[in-house]
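Student: I have a new model open and want to get my bearings. Can you walk me through it?
Tutor: Go ahead and ask.

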Amino acid sequence: MARERATDLAVRNQIIQQHQNGISQRQIGRTFRLAQSTVCSIIKRFTTTGNSLPGKAPDRKLTLTDQEVRLFRRHIRKNRRMAVANLVTWARKSFGKVISETSTRRYIKRCGYVFYKARRKPFLTSSNKRRRVAWAKSHLS
């Protein structure tokens, strides 16, 4: 279930301060009108990472090295119309690493490329074909 609102940094710091003063998580939750699980997760994040900021763990390692990203960028430049699924299989084979489609999309965006979807065009009807031929014949001279 998604969060309805984010907790302010000042509130997070107050929660941590009260926890360090020995106040229970349930009492802290009542004070700030937050669920006990929210208070627990804020305190847990503070004890594990040392800060109360929400987000990913610090110093998280990237899947690809700088050299592999350069090779990835070169491959995209050569094969601009390649589908993401094909890029994923190419990356797995050439780098020997498990890389997800989401990570591949993230690396494509980092390389400065944008995703485009081909516009669906209707097939030519027989009347359109006749009009095209008539137009071409009138513009021959």
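Student: What radius of gyration does the protein have, and what would a compact globule of 141 residues have?
Tutor: The protein has 28 Å, while a compact globule of 141 residues would be near 14 Å. The radius is taken over C-alpha atoms, and the globule rule is 2.2 Å times the number of residues to the power 0.38. Along its principal axes, the C-alpha trace spans about 90 × 40 × 20 Å.

Student: Where does this model come from?
Tutor: This is a predicted model, where local features need pLDDT of at least 70, side-chain atom pairs count only at pLDDT 80 or more, and totals for chains, interfaces and linings use all residues. Residues are numbered from 1 along each chain as its sequence is written, and side-chain values use heavy atoms, with hydrogens and water left out.

Student: What is the mean pLDDT?
Tutor: The mean is 88, and 93% of residues reach 70 or more; pLDDT is the predictor's confidence in each residue, from 0 to 100.

Student: How many helices and strands are there?
Tutor: Seven helices and zero strands. These are DSSP runs numbered from the N terminus: helices are H or I with at least four residues, strands E with at least two.

Student: And domains?
Tutor: The assignment, which is automatic or from a database, gives domain 1 (9–49) and domain 2 (66–111). Their C-alpha centres lie 41 Å apart.

Student: Which residues of the largest nonpolar core touch the most other members?
Tutor: Leu64, Phe72, Ile76, Tyr107 and Ile108, out of 14 residues. Such a core is a set of buried Ala, Val, Leu, Ile, Met, Phe, Trp, Tyr and Cys residues joined through side-chain atoms within 4.5 Å. Buried means under 20% relative accessible area, exposed over 50%, and partly exposed in between, with a 1.4 Å probe and protein chains only. Helices α4 (66–78), α5 (84–95) and α6 (101–110) each supply at least two residues of this core, and α5 gives the largest share, five residues.

Student: Where does leucine 64 lie, and why does leucine 64 count as buried?
Tutor: Leucine 64 is in the loop between α3 and α4. Leucine 64 counts as buried because its relative accessibility is 4%.

Student: What does leucine 64 touch, not counting residues up to four places away in sequence?
Tutor: Val69, Phe95, Lys97, Ile99 and Tyr107, where contact means heavy atoms within 4.5 Å.
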